[in-house]
Amino acid sequence: MKYLIFTTSVFLAVPAFANSLHVRDADTIVVDGTPVRLNGVDAPELGTRSGQNAKRWMINYLRGKSISCQLNGERTHDRWVGVCYADGQDIGAAVIAAGHALDCRRYSGGRYRHLETSAAKSRLKRAGYCR
């Protein structure tokens, strides 16, 4: 079951079965072949221990869940930008609240700031474009 609905923004929804979901890192997932950059999420790079841990957390968190994404029509590199949900829960909020990423205020408008953990703020380096 896959479908796209076009409104003022693009909505992409597919159940997370078999090969319909791939985690690139903690701020980019591929849903049914469509790469999606999680809007407002500043996750560590994969070349770091924190980045590897964040990706592993994301894989475990998303396993077996139904994934939907509200795309905003913007693109960055090869990815669409949007907010994605796992069984109705905001994935960006979850990864930040779990301490594996920070809020990227420039793109989130501060939506996730209150979810940042003290440990993540002291351990993770905020991307320069997110300040």
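**Close-up 1. The R24–D78 salt bridge in the predicted model.** The side chains of R24 and D78 form a salt bridge, with an N to O distance of 2.8 Å. R24 belongs to strand β3, residues 21-25. D78 sits in the loop between β7 (66-76) and β8 (79-86). The two residues are 54 residues apart, and the pair links distant parts of the chain. R24 has 29% relative accessibility and counts as partly exposed. D78 is also partly exposed, at 36%.

**Close-up 2. The D27–R37 salt bridge.** Here the closest N and O atoms are 3.6 Å apart. That falls within the 4 Å cut-off, so the contact counts as a salt bridge. D27 lies in the loop between β3 and β4 (28-31). R37 lies in strand β5, residues 34-38. The pair therefore ties together parts that are 10 residues apart in sequence. D27 is buried, at 7% relative accessibility. R37 is buried as well, with a relative accessible area of 10%.

**Close-up 3. The R126–E116 salt bridge.** The side chains of R126 and E116 meet at 2.8 Å, N to O. R126 is in the segment after α4 (118-123). E116 occupies the loop between α3 (105-108) and α4. The pair links distant parts of the chain, 10 residues apart. Both R126 and E116 are buried.

**Overview. Salt bridges in the predicted model.** The count comes to three salt bridges. Among them are R24 with D78, D27 with R37, and R126 with E116.

Methods
Residues numbered from 1 in each chain as written. Predicted model: local features only at pLDDT ≥ 70, side-chain atom pairs only at ≥ 80, totals over all residues. Heavy atoms only, no water. Helix = DSSP H or I, 4+ residues; strand = E, 2+ residues; numbered from the N terminus. Buried < 20%, exposed > 50% of the residue type's maximum accessible area, 1.4 Å probe, protein only.
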